[in-house]
Amino acid sequence: MATKAFKEQKIAHIKDYAQKAKVAIVTNYKGLTVEEITNLRRALQKEGADYTVTKNTLAKIAMKGTDFEVLSDSMKESTAIAFGFDDEVSAAKVLAKFIKEKKKAEIICGALDGQLLDAKQVDALAKTPSKEELYAKMLGCVNSPATGIVGSINAVMSSLVRAIDAVAKQKSA
């Protein structure tokens, strides 16, 4: 039986995560071994997220008054929470990939900006491009007109040089 001090420490830990996180995803971890959960936690930590297995009652108490309070009703049975700190997408991507590979566990729901997301919406979030991918696409869009202008200027200059060369050859012949 957990002591009162331990429970208070766990509540404070989850509350701290809930205040720092941009997204939270509730999963059912049935069927996962401790080693698999540890591997998932490590994969999430590499992406600026964390995975917390805790008692539902403690998590509900800790999330009271945060953007993730909407998750409380969905927490039943064996649940764990993935908190994403760096961005809104990476935690969902890691979880979706892990669950697809292991074919164990499942995403129950998530929360983003105080809004409850069902499992399909979390899956859609996982398919959203990351910030880096979006930056690369945006940069490509910005660069595209500039590249076209440079190509046009080069074509005009090349045509001008060929025309001058042709005139020079005609005059010397």
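This is a predicted model: local features need pLDDT of at least 70, side-chain atom pairs count only at pLDDT 80 or more; totals for chains, interfaces and linings use all residues.
Two packed helices are described by the angle between their axes and the distance between the axes. For helix α2 (residues 34-46) and helix α4 (residues 90-102), the axes come within 10 Å and cross at roughly 150 degrees. Because angles over 145 degrees count as roughly antiparallel, α2 is assigned a roughly antiparallel orientation relative to α4, and the crossing of the two helices is right-handed. The contact is formed by E36, L40, A43 and L44 on the α2 side, which meet A91, V94, L95, F98 and K102 of α4. Sorted by class, the residues in this contact comprise seven nonpolar and two charged residues, with no polar ones.

Two residues lie between the strands of the hairpin, and D113 adopts a positive phi near 55 degrees.

The loop between α5 (119-127) and α6 (131-172) contains P129. With a relative accessibility of 25%, P129 is classed as partly exposed, since that class lies between the limits of under 20% for buried and over 50% for exposed residues. When residues up to four places away in sequence are not counted, P129 touches V89, K93, L134 and K137. The C-alpha atom of P129 is separated by 43 Å from that of T3, a residue 126 positions away along the chain.

Conventions. Residues are numbered from 1 along each chain as its sequence is written. Side-chain values use heavy atoms; hydrogens and water are left out. Two strands pair if DSSP finds at least two bridges between them. Helices (H or I, at least four residues) and strands (E, at least two) are DSSP runs, numbered from the N terminus. Buried means under 20% relative accessible area, exposed over 50%, partly exposed in between (1.4 Å probe, protein chains only). Contact means heavy atoms within 4.5 Å. Axes are lines fitted to C-alpha atoms, for helices over the stretch in contact, and angles run from 0 to 180 degrees between N-to-C directions. Angles under 35 degrees count as roughly parallel, over 145 as roughly antiparallel, 65 to 115 as roughly perpendicular and the rest as oblique. A crossing is left-handed if the near helix is turned anticlockwise from the far one by less than a right angle, and right-handed if clockwise. Ala, Val, Leu, Ile, Met, Phe, Trp, Tyr, Cys and Pro count as nonpolar, Asp, Glu, Lys and Arg as charged, and the others, Gly among them, as polar.
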